[in-house]
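Here are my notebook entries from an afternoon of looking things up. Keep the viewer open and follow along with me.

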Amino acid sequence: MSETAQTSTPRDPQRLHEDMHEVWGNPRGLKALSIVNHTTLGLRFMATGMVFFLIGGILAMLVRTQLAFPDQEFMAPEIYNQVFTMHGTLMMFLFAIPMLEGLAIYMIPKMIGARDLVCPRLTSLGYWCYLFGGIILTSSLFLEVAPDSGWFMYTPLSSGEFSPGPGSDFWLLGITFVEISALSAGVELVVSILRTRTRGMSLDKMPLFAWYILAMALMIVVGFPPLILASIMLELERAVGMPFFEVAAGGDPILWQHLFWLFGHPEVYIIFLPAAGIVSTLIPVFAGRPIVGYRWVVLAIIVTGFISFGLWVHHMFTVGIPQLAQAFFSAASMLVAVPTAIQVFVWLATLWLGRPVMKLPMLWVLGFLIIFVCGGLTGVMLALVPFNWQVHDTHFVVAHMHYVLVGGMLFPLMAGLYYWLPLFSGRMPSERLGRWGFWLTFIGFNATFLIMHWTGLLGMPRRIYTYETVMGWDIFNMLSSIGGFVMSAGIAMVLLDIALHFRFGRPAPQNPWNADTLEWTTSMPPSAYNFASLPRVDSRHPLWDDPELPRSIAEGRHDLAVIDHGRRELWGSDPLTGKVREIVHLPGNSWWPLFASLALAVVCVCLLARLYPLAGLATLAAVGFLLRWSWENGAHPRAAPDAQVQPGDPPLHSRTMDGPGLWAMSIALLANGSFFLSYLFGWFYLWTVSPEWRMPDTSPLSLPLMVLAGVALTAGTLWLEKLVRGLRRQDDRGLALGLFAVTALGGAQLALLIWVIWQAGLAATETAHDAVLLLGLIYVLLHGALGTILTLLQGLRVGYGYVSAEAPFEPAVVARLWRYNLMVFWIVVFALVTMPMWLGGGA
Amino acid sequence: MLVGCSGDRSILDPAGQAAREVAWLWWGMLAFSTVVLVVITALWLYAFRGGRRVARSSRDEQRIARRWIIGGGLLLPGLSIVLLLAFGVPVGQRMLPLPLPDGQQVERIEVTGHQWWWEVRYPDAEGGEVVTSNQLMMPVGEPVDFHVTGADVIHAFWIPRLGGKIDMIPGRTNVIRLEADASGVFGAQCAEFCGAQHTNMQLHVEAMPRDDFNAWLAERQAPPEQSDDHQAARDTFVEHCASCHRVAGVSDGQQGPDLSDIGDRVSLGAGRLAMEEGAIAHWLRHHQQLKPGNRMPSHDHLDAETLDALGAWLETLSP
């Protein structure tokens with residue numbers, strides 16, 4: 001297969017490009033809204049992120065103006081509170097994460113030798129959800145009803161009683177909407193990195209950047225669901241009065257803090273890891289040698305990922321949690337310094353042993369290092385509980401956090417943008433303007449935040465809108481404000497430089513920095529398909545091994561250079577070894593993601609306006625669009641009706657049993673599992689810790705009915721598994737009938753569950769106990785409904801011939817969902833019904 | 001340097017054991033971190049100076065790399081953490097509100113955070129509980145346990161010059177032990193963002209010798225004497241203010257700050273306005289401009305004379 005392709009005679013690159021473009025090219029005009037291509041969408045993500053960055057930056061300048069002098073009346077307190085809340089929210093949720101996702105979406109397929117991400121329509125859905133959610137959230141600023149309880153939204157301050165306006169709703173709904181984009185990017189990045197690397201790229205030959213993004217994506221998948229759960233709970237409390245966080249009804253505001261920081265701390269590393277990935281990519285290139293300690297770095301990434309989920313309590317040292325827990329989280333928080341220090345010294349050793357050249361991107365790397373090490377050191381200090389008790393919630397923490405986030409994310413990002421600019425535009429940046437921009441940003445940043453440590457030590461708390469001269473903070477605040485404006489000037493200069501370079505930059509040569517990774521083998525700017533033929537990779541440095549790679553790729557001398565079938569194809573490879581297993585064919589441009597996210601935007605706005613019936617209708621529309629989208633898969637005429645492949649090539653993924661879709665389902669279920677575990681955590685937390693929790697003597701849920709529903713679910717799952725085993729043996733006799741029978745069993749489970757809820761008579765607006773039960777039952781119900789509907793659709797698809805022994809892929813994907821539902825269901829029965837029975841209620 | 005560190009709320013100008021130990025921790029950590037930062041930066045800058053490379057075998061390179069990674073990546077943070085915990089953990093231990101060895105009674109003061117003022121109670125005062133607001137008197141030279149909670153949202157109790165802070169959470173009571181070395185006045189401010197007027201939620205803290213403290217409590221045991229001069233103002237108060245504010249012997253409202261000794265306080269509106277003659281009347285007229293969003297309704301329906309008289313009477317409420 002590949003051997004024939006590789007030795008084949010060179011083809012005319014221009015002709016090949018035209019043929020490829022026919023299949024992969026982007027439409028223009030209004031149809032550009034249907035584009036699913038990762039290059040285009042990655043750029044859209046980054047451009048949109050920049051806009052939110054500018055808005056967030058202006059808010060920061062408003063804050064610094066207000067604090068420049070004592071007793072200022074520049075902003076009213078209620079406006080000031082909206083401004084700092086939105087500054088944090090925009091920078092975290094609408095700039096840092098989407099920006100890095102955008103970079104990863106743009107870069108990952110190019111680095112691993114793929115033509116697109118593995119779920120292109122999901123990329124598009126993610127972008128639209130991000131854009132619409134961001135617009136809805138930001139609009140609250142202009143309507144002057146922005147959230148004003150801080151970006152951490154602690155209850156009860158953010159609850160209906162103390163924040164009656166729509167501000168908190170904008171935050172909860174808007175952020176949850178935007179998080180759809182983070183999760184979808186997380187899922188498809190994981191699957192793309194694991195399953196679509198080019199031939200021969202085993203895990204240990206993967207560029208380090210891909211390792212970092214793999215860790216980031218997995219952390220998003222596991223880390224975001226706790227916040228989504230918390231947001232849903234708080235919104236339910238605000239909208240319909242389910243008292244999850246209300247002490248008098250048995251809830252607990254501290255549960256919000258646990259769930260928030262369970263997300264919030266990993267989030268810091270979700271932001272830092274990709275940025276460190278940029279540094280690990282740039283340093284070897286500019287040192288002119290491979291990175292030393294590749295395995296050390298991979299180990300550091302993995303360890304960071306794990307430790308970061310065990311640190312969240314260090315944001316809560318003043319809450320009054322038990323000493324032992326504080327000691328544990330304190331030590332764990334310090335330990336995270338170890339993998340970070342490993343990376344710092346790997347970078348140092350690489351420079352030490354190489355021949356570094358000081359180009360503009362490296363200037364930003366150096367700035368990153370100084371600022372980030374400083375932020376890391378104050379981070380270790382803050383992990384020490386007695387010190388934390390003093391400086392927690394002062395400007396010392398504000399300073400620390402900006403050192404970590406600006407140093408750890410913005411500086412590497414700038415380094416990366418300058419580094420990859422020639423790829424984005426085909427032009428080189430100007431060294432002169434860029435250096436001015438760097439120095440202004442660097443000096444301004446340190447003037448603002450180095451001094452702010454001191455202001456905090458002098459006792460200035462966070463989030464106060466003014467202060468008096470007697471407190472002795474005047475001069476330091478003044479200096480911080482001046483520094484802030486200098487930094488803004490620096491950022492403005494950088495953006496000007498980048499904007500100008502698109503017009504005036506000198507054309508870039510191929511591989512201008514002499515890099516080693518595959519993204520520099522594409523044309524500059526890259527075509528929609530990245531590679532006319534997919535190269536084989538035998539080392540970590542394909543482009544250093546063979547500098548002629550760009551030409552041979554364009555001449556179609558490598559794999560999958562045939563395009564007359566009209567499919568968008570790339571390799572599906574083994575997750576460990578990178579051996580080719582199947583051909584993945586991707587869907588083309590589609591309107592469904594746009595329509596689905598528009599419907600979701602309507603849902604979001606209706607919930608904000610409390611038009612619940614309309615929100616229900618829009619939800620149905622969104623589900624309809626998503627199901628319609630799922631229809632165009634496998635052997636559907638718009639997907640891959642004809643399964644013909646080149647002689648010797650592996651089969652299409654939709655004709656196998658282990659395609660990327662199955663992996664995407666598994667990763668999505670991982671996110672779902674994290675959501676469910678967070679829910680269980682909430683249940684047990686409230687049960688054991690909440691001060692006024694009341695457990696009824698007997699469970700309101702009927703155990704026999706629950707068990708009966710469980711039996712229906714179990715029977716359905718077993719039957720579906722049996723059908724899948726049949727398909728594995730190429731046996732599709734009675735497939736449609738079987739699928740309909742499974743659907744009926746799913747329906748029976750749903751009916752029984754509804755009966756359970758009906759007869760339980762839960763007072764979900766009066767006690768936290770009943771509210772939590774109802775939430776769990778709704779979760780199980782929705783999952784049951786999803787499994788049932790998808791099985792019904794599979795049955796129909798058999799009738800259309802889209803699913804059969806020849807195209808057996810999809811029932812296996814649905815079966816995985818059923819298996820998950822089964823597990824969750826019995827855990828719910830155990831945790832919610834039988835455990836309280838054994839341990840006795842009332843307690 | 002020491003001048004730059006001083007201040008009403010400066011962590012680096014400690015006036016109690018806990019704060020002093022933290023201040024020392026800070027100086028130690030600052031010195032150590034500065035050395036680490038300078039050395040790492042210097043190494044990096046040195047490494048950036050290309051063009052002085054000698055050809056090395058890959059074996060040599062591996063050795064050098066491993067030395068950096070193990071030395072800088074494992075040993076440096078490992079030893080730093082051990083060092084930090086060795087100094088830090090005992091400090092934290094000493095701050096805990098454990099029972100005193102000789103069975104000595106610890107003074108107990110209850111502080112409740114409200115949007116946006118402080119309720120302070122002395123439940124163990126001889127002769128009955130003493131209640132005041134937005135000011136906190138404490139004895140010098142002995143440990144004091146502060147039992148804190150929040151009435152509405154989460155607040156945080158923090159007297160920077162005495163020691164660390166603790167959250168005031170609705171439904172929970174947290175305890176923090178602090179001790180003042182010498183008599184004096186200390187600034188304090190809510191440290192957990194609690195809404196529109198988080199900024200103007202300040203607490204006047206005063207430490208005094210035990211005898212003075214006992215005397216201060218005793219003064220507040222009996223309701224202040226009421227003269228007949230202010231009968232009209234008292235009637236106004238009973239009609240318009242009594243459902244929210246308590247004045248010992250006059251009313252028993254619990255929504256707002258206790259005003260029984262308001263004439264004796266140093267400020268109004270939880271630190272917003274200095275107390276002086278006429279200040280209360282000014283506050284009554286303009287409190288929504290002075291402290292926008294505070295929970296007290298505006299008094300526009302009362303004329304200026306009535307408010308002046310009310311203010312004048314309240315100023316007399318002093319033990």
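I began at Pro525(A), which sits in the loop between helix H16 (474-504) and helix H17 (542-545) of chain A. Helices (H or I, at least four residues) and strands (E, at least two) are DSSP runs, numbered from the N terminus. The peptide bond leading from Met524(A) to Pro525(A) is cis, with omega near -5 degrees.

A note to myself on the source: this is a predicted model, where local features need pLDDT of at least 70 and side-chain atom pairs count only at pLDDT 80 or more, while totals for chains, interfaces and linings use all residues. Residues are numbered from 1 along each chain as its sequence is written, and chains are lettered from A and ligands numbered from 1 in the order in which they are written.

In chain B I looked up another cis peptide bond, from Gln115(B) to Trp116(B), with omega near -5 degrees. I found Trp116(B) in the loop between strand S1 (107-114) and S2 of chain B.

Next I checked phi angles. Asp393(A) is not a glycine, yet its phi is positive, near 60 degrees. I located Asp393(A) in the loop between H13 and helix H14 (395-425) of chain A. Is Asp393(A) buried or exposed? Asp393(A) is buried, with 21 other C-beta atoms within 10 Å. My cut-offs: a residue is buried if 20 or more other C-beta atoms lie within 10 Å of its own, exposed if 12 or fewer, and partly exposed in between, with C-beta atoms placed from the backbone.

Ala270(B), also not a glycine, has a positive phi of about 55 degrees. I see Ala270(B) in the loop between strand S13 (267-268) and strand S14 (273-274) of chain B, and it counts as buried with 25 C-beta neighbours inside 10 Å.

**Chain A as a whole**

I noted 25 helices and 2 strands in chain A. The radius of gyration of chain A is 27 Å, close to the 28 Å of the globule rule for 843 residues, so chain A is as compact as a globular protein of that length. The radius is taken over C-alpha atoms, and the rule is 2.2 Å times the number of residues to the power 0.38. Of the 843 residues in chain A, 60% are buried.

I then picked out helix H5 (residues 120-142) of chain A, whose 23 residues reach 34 Å from first C-alpha to last, close to the 33 Å expected at 1.5 Å a residue. That expected span is 1.5 Å times one less than the number of residues. In H5(A), 18 of the 23 residues are buried, so the helix is largely enclosed by the rest of the structure. Just after H5(A), I spotted Glu144(A) with a positive phi of about 60 degrees.

**Where the chains meet**

How many residues does each chain bring to the contact? I read 69 from chain A and 68 from chain B. Two residues are in contact if their C-beta atoms, placed from the backbone, lie within 7 Å. On the side of chain A that touches chain B, H11(A) gives the largest share, 12 residues. By class, I wrote down 52 nonpolar, 11 polar and 6 charged residues for that side of chain A. Here Ala, Val, Leu, Ile, Met, Phe, Trp, Tyr, Cys and Pro count as nonpolar, Asp, Glu, Lys and Arg as charged, and the others, Gly among them, as polar.
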